[in-house]
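Let us walk through a protein fold one piece at a time. Keep the model open beside the text and find each part as it comes up.

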Amino acid sequence: MNEAELHDLSDDADYAASIQEGSASMMIRNDSNGRRNSMSEPEGAEMVYSKENVAMHPTQYASERISGRLKLFKQGDSLFMTWIPYKGQSSNARLSEKDKSLYTIRAVPFTDIRSIRRHTPTLGWQYIIVVMLSGLAFPPLYFYNGGVREFLATIKQHVFLVRSGEDANVFLVNDFQNPLQRTLSSLELPMAVSVANALTPTISANESPSGADEERVASDKSSISFQQNGRQRHKHHDPARDLSIQVLEKFSLVTRFARETTSQLFRESQIDGYTRNEDIKPDHSPSDYHRRIDSQEVPNEIPVSPDPLEVDKLSLVWGKPRQPPLEHKEWATFLDSEGRVMDSKALRKRIFYGGVEHNLRKEIWRFLLGYHLYDSTYAEREYLISVKKLEYETIKKQWQTISPEQAKRFTKFRERKGLIDKDVVRTDRSLSFYDGDDNPNVRLLRDILLTYSFYNFDLGYCQGMSDLLSPILFVMNDESESFWCFVYLMERLGPNFNRDQSGMHSQLFALLKLVELLDSPLHNYFKQNDCLNYFFCFRWILIQFKREFEYETTMRLWEVLWTHHLDEHLHLYICIAILKRYRNKIMGEQMDFDTLLKFINELSGQIDLDAILRDAEALCICAGENGAACIPPGTPPALPVEDASVYPLQDDDVL
């Protein structure tokens, strides 16, 4: 992929094609029978804003951008936003019309929107990111012909819009000071059900009954327990977390009921005539998954399309059994007299199938992460450690020497430091290594993350990074070495934290394609149930299954992924292996989007890693070159490359 394709975004072939095809005029029009087009606004709706040539970028490559039309509609007292991609010939063969339609934004009410972030880079085009009350963010919308200011001004005329006091580029929607009113404005199941039943043309914040508060409290008080150091501890979710943690912990608040309600308001046709459930109750326990969450129970046995690959049989053929972890005596056989790894491929394969004994991890993780080269000697590694320690101290002093007066004039430093201070005190505190007040390891976690935010100014710090650093510091137990191992890990996973979420969207898009390839009945089921965004896998991918397994099991999984033995994107096949393990339950019990999100979140601590790794290996081998073709080049976690342009630069306002 050449640099021009990465950065030259001026070719608007989609828009030109739409003009030729005549599909660019998706304005209000009547058909031959006088009925209104299903894609236009309903009777009585007023279009208050329309902008052509607003684009999304599913990946970082310009050739894969999708152009469309952004509109604002007013109906009664409610304001709605839509973004519809242009139809017609596209400049990119990889994205079909069906793929492009996945990104359509259909009639989102502003009562469901939390904020709008405006980005105005020094070079390039302005874009916005719309964030829902749940924390879910739509892909960035790029304004190639300008119009962001007009867009925000129009919104301000119809809803309560206020600039954030913490970030001048963030505009808060319906930011009420009354906590109760803010809660009632949230996207909650009871509110959506009441609106759906009433079929009213407006969505009001006051329509949410008290059950919404009960569900929110129950969700916020949920905890994940796990066994560590011989005692039972609990990790409590903090309801006050900011955007990224809301994305991690509270994706299940994104409900399909709001989409269905607005679809009724705008008279859009249902996908393939599939009938959706509308009477989901918010108080079902996990034991209620064996019944439909509506007025009728599911029959005991519901026909489920067979698994075309029969993953259990595949695992017997291709999935090799796990081996004992690599231990000291065997590790010595991989080294020559001067400490060089003689066969790095064989070593990575051995670790892939067995992992590493814990007391060896400090030495071997440095190879797996790229901190040490496989052909380096004992002496060269010792010298590198000493040089890197001095370099780390130099970088660390950059923020340590900031005076209070300078900090007053360094807004981004204060913001990042405040965010890190909040995160480290709630990261893995169940472990004795991080437990207790004034724990020195918590301070090390903070110092390393602050230093990294200065080392990588463009990316800075994002919530979730502390989850990735925690096991590294636990294993290395050394500040400098933990920092550099984290640096090398972020070379692979850094795009996961791009503010425009391009890294995450490219992985979710690849996951969609892989499921379609490896299990078309499951893909079709997800399509019928509006699950093709794969947001239920978001947490798995963002922090590499960190919260799905116990701490020791997570470390074993990570060292398997870091070998890149079969494929650098094995984590996507692990996602598919988990879904296929539960496909009969998902399809047989007719789980819809919300039920599936809840079910996936409750799998934490219940997944058999060894079985899943065997299944993932079998799926990866079975997919072969066809699977590789489903994954766009540069999709994280890509191996480090010489050309840094593969990873998109962050714009100035990230600092």
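Angles here run from 0 to 180 degrees between N-to-C directions, and axes are lines fitted to C-alpha atoms, for helices over the stretch in contact. Keep that in mind for the helix pairs below. Note too that this is a predicted model.

Begin with the whole chain. The protein chain holds 27 helices and eleven strands. It has 655 residues, and 56% of them count as buried. Now take the contacts in the chain with a separation of 6 or more. Residues 24 or more positions apart account for 71% of these.

Next, the sheet. Nine strands form an open sheet with antiparallel pairing. Their order is β4-β3-β2-β1-β7-β6-β5-β9-β8. Which strands stand at the edges? They are β4 (105–109) and β8 (161–163). Each has a single partner strand, so one side of each is left without a neighbour in the sheet. Neighbouring strands of this sheet are turned against each other by 30 degrees on average, direction ignored.

Strand β3 (residues 78–85) is joined to β4 by three bridges, and the two run antiparallel. Find Met-81: its bridge partner in β4 is Val-108.

Now move along the sheet to strand β5 (residues 113–119). Is β5 mostly covered or mostly exposed? It is mostly covered, with six of its seven residues buried. In the strand order, β5 sits between β6 and β9. With strand β6 (residues 126–132), β5 pairs in the antiparallel sense over six bridges. Here Arg-117 has Ile-129 in β6 as its bridge partner.

Turn to the helices. Two packed helices are described by the angle between their axes and the distance between the axes.

Take helix α16 (residues 411–424) and helix α17 (residues 440–455). Their axes come within 10 Å and cross at roughly 150 degrees. Angles over 145 degrees count as roughly antiparallel. α16 and α17 are therefore roughly antiparallel to each other. Their crossing is right-handed. Which residues of α16 meet α17? They are Phe-413, Arg-416, Lys-417, Ile-420, Asp-421 and Val-424. On the α17 side they meet Val-442, Leu-445, Arg-446, Leu-449, Leu-450, Ser-453 and Phe-454. By class, this contact of α16 with α17 has eight nonpolar, one polar and four charged residues. Check the spacing in the sequence as you look. An α-helix has 3.6 residues a turn, so residues three or four places apart point the same way.

A second pair has another geometry. Helix α20 (residues 502–518) and helix α27 (residues 609–629) pack at an angle of about 110 degrees, with their axes 11 Å apart. They are therefore roughly perpendicular to each other. In α20, Leu-514, Leu-517 and Leu-518 make the contact. They meet Leu-619, Ala-623, Asn-626 and Gly-627 in α27. The residues of this contact divide into five nonpolar, two polar and no charged.

Finish with helix α26 (residues 593–601). Seven of its nine residues are buried, so α26 is largely enclosed by the rest of the structure. Among the buried ones are Phe-593, Asp-594, Leu-597 and Ile-600.

How values were computed:
Residues are numbered from 1 along each chain as its sequence is written. This is a predicted model: local features need pLDDT of at least 70, side-chain atom pairs count only at pLDDT 80 or more; totals for chains, interfaces and linings use all residues. Side-chain values use heavy atoms; hydrogens and water are left out. Helices (H or I, at least four residues) and strands (E, at least two) are DSSP runs, numbered from the N terminus. Angles under 35 degrees count as roughly parallel, over 145 as roughly antiparallel, 65 to 115 as roughly perpendicular and the rest as oblique. A crossing is left-handed if the near helix is turned anticlockwise from the far one by less than a right angle, and right-handed if clockwise. Contact means heavy atoms within 4.5 Å. Ala, Val, Leu, Ile, Met, Phe, Trp, Tyr, Cys and Pro count as nonpolar, Asp, Glu, Lys and Arg as charged, and the others, Gly among them, as polar. Buried means under 20% relative accessible area, exposed over 50%, partly exposed in between (1.4 Å probe, protein chains only). Two strands pair if DSSP finds at least two bridges between them.
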